[in-house]
Amino acid sequence: MKKRKKRVELMVELIRNRCIGSQEELADLLAKEGYVVTQATLSRDLKMLKTTKVPTERGGYIYVLPDSNSLKDRLLATGQIAMNANYQSGFVSLEFSKNIAVIKTRNGYAAGLAYDIDMSRPPEILGTIPGSDTIIAVLREDVSRERAIEVFSRFLPLDQKLPSYLL
């Protein structure tokens, strides 16, 4: 049991401090530290840690931990950085229905974008629910579409992709 606990602690450290994009890559890093694991064991450990794979700026994916303390997460949460149009190239469209915003993305991009929105904790957004290519964002009832567009423009390249009836 001690060995498993130490292995999982090492996994957490590796995921927080490196950009790990596959189980094979993670298994190789663990093996270098003396922990040889099967793919099934690695899958169980990743599931237990509630890791998520999110898209990167370069089109790949990396593992992230929920409520991770990474520098980017801390900067997003404190509003010290805002995403720009080049950050999330998977964005397709944004539409509204009352206090619900529906954000369409390329397949696989929704989870990472929703994570960034949630980590930045904008007061206008109660939370997001991502699918593989769609995000449902629930806005506070008193938030106007104009204000919501301002908030989302921190994360999305909205200048060219909004339907004319939203402008």
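Me: How far apart are arginine 147 and glutamate 150 in helix α6, in helical turns?
Reply: About one turn, because arginine 147 and glutamate 150 are three residues apart in helix α6. The model is predicted.

Me: What do arginine 147 and glutamate 150 form?
Reply: A salt bridge. The closest N and O atoms are 2.7 Å apart.

Me: Is glutamate 150 buried or partly exposed?
Reply: Partly exposed, at 47% relative accessibility. Arginine 147 also counts as partly exposed, at 34%.

Me: Which other glutamate forms a salt bridge with arginine 147?
Reply: Glutamate 124. Here the closest N and O atoms are 2.7 Å apart. This pair links distant parts of the chain. Glutamate 124 sits in the loop between α5 (110–120) and β5 (125–130), while arginine 147 belongs to helix α6, residues 145–152. They are 23 residues apart.

Me: And glutamate 124, buried or exposed?
Reply: Buried, with a relative accessibility of 12%. The cut-off for buried is under 20%.

Me: Why would such side chains pair at all?
Reply: Opposite charges can pair when the charged atoms come close.

Me: How many salt bridges are there in total?
Reply: Four. One of them joins aspartate 45 and arginine 4, with the closest N and O atoms 3.4 Å apart.

Me: Where do aspartate 45 and arginine 4 sit?
Reply: Aspartate 45 is in helix α3, residues 39–48. Arginine 4 is in helix α1, residues 2–17.

Me: What about their accessible areas?
Reply: Aspartate 45 is buried, at a relative accessible area of 2%. Arginine 4 is partly exposed, at 34%.

Me: Back to the salt bridges. Which residues are joined into one network?
Reply: Arg4, Arg7 and Asp45, through salt bridges that share partners.

Me: New topic. How many helices and strands are in the chain?
Reply: Six helices and six strands.

Me: How much of the chain counts as buried?
Reply: 42% of the 167 residues.

Me: Last one: what share of contacts join residues at least 24 apart?
Reply: 54%, among contacts between residues at least 6 apart in sequence.

Notes: Residues numbered from 1 in each chain as written. Predicted model: local features only at pLDDT ≥ 70, side-chain atom pairs only at ≥ 80, totals over all residues. Heavy atoms only, no water. Helix = DSSP H or I, 4+ residues; strand = E, 2+ residues; numbered from the N terminus. Buried < 20%, exposed > 50% of the residue type's maximum accessible area, 1.4 Å probe, protein only. Contact = heavy atoms within 4.5 Å. Salt bridge = Lys/Arg side-chain N within 4 Å of Asp/Glu carboxyl O.
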